[in-house]
Amino acid sequence: MFSKSKISETNKPAPAADANKPSGAAPATPPSKPATPPTPASAPSTPPKAKPPASALSSDLTITGNLQTTGDIQIEGKIKGDIRAHLLTVGEGATVEGEIMADDVVVNGRVIGRVRGLKVRLTSSARVEGDIIHKTIAIESGAHFEGSVQRQEDPLNAGSAAAAKPAPATPNNG
């Protein structure tokens, strides 16, 4: 006789059980179908969150203190302190005095202190005074470097540096 549109069925609450209908009668559409939220399989169809842009520290900025991020940093100013980042780029006019620890390190400017990175690159304008602990390294012609270079499988693990150092000598009384 009368038929309801499927749109109106999804917006209305499920009717109460009718006493005149036999208990074994199934509704035309299962009540859980229209009200189900999207399945988890449809969730990956949305693109992943965009990576935030690199934090830029301008050439007129001087920071005294440590910097830590899981993102990227582009330094053009002067930093006195340790830096931890995913990708760290030291600009041509920049100076960093402290330890650098990042997955990727690109040095175009001056670094005074230890550099630890999975991938370390010193460009031709780089000036580094300190040790470099790396997994892979590239030093362009013209780069100035004073210090030691040590390859490690996991250069970001601070404990591996302690293991690499020789144990202090202990007096032998016997």
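User: In this predicted model, is Glu 97 buried, partly exposed or exposed?
Analyst: Glu 97 has a relative accessible area of 30%. Buried would need under 20% and exposed over 50%, so Glu 97 comes out as partly exposed.

User: Which residue does Glu 97 form a salt bridge with?
Analyst: Side chains of opposite charge can pair when their charged atoms come close. Here the closest N and O atoms are 3.8 Å apart, and the cut-off is within 4 Å. The partner of Glu 97 is Lys 78.

User: How many residues apart in sequence are the parts that this pair ties together?
Analyst: Glu 97 sits in strand β7 (residues 95-97), while Lys 78 belongs to strand β5 (residues 78-80). The pair therefore ties together parts whose separation in sequence is 19 residues.

User: What about Lys 119 and Asp 104, which strands are they in?
Analyst: Their side chains meet in a salt bridge, at 3.9 Å from N to O. That pair links distant parts of the chain, 15 residues apart. Lys 119 is in strand β10 and Asp 104 in strand β8.

User: Is Thr 64 buried or exposed?
Analyst: Thr 64 is found in strand β2, residues 62-64. Its relative accessibility is 68%, and the mark to pass is over 50%, so Thr 64 counts as exposed.

User: How many salt bridges does a search of the whole structure find?
Analyst: One of them joins Arg 151 and Glu 153, at 2.9 Å from N to O. Salt bridges also link Arg 84, Glu 99 and Arg 114 in a network. For the whole structure, the search finds 8.

Key. Residues numbered from 1 in each chain as written. Predicted model: local features only at pLDDT ≥ 70, side-chain atom pairs only at ≥ 80, totals over all residues. Heavy atoms only, no water. Helix = DSSP H or I, 4+ residues; strand = E, 2+ residues; numbered from the N terminus. Buried < 20%, exposed > 50% of the residue type's maximum accessible area, 1.4 Å probe, protein only.
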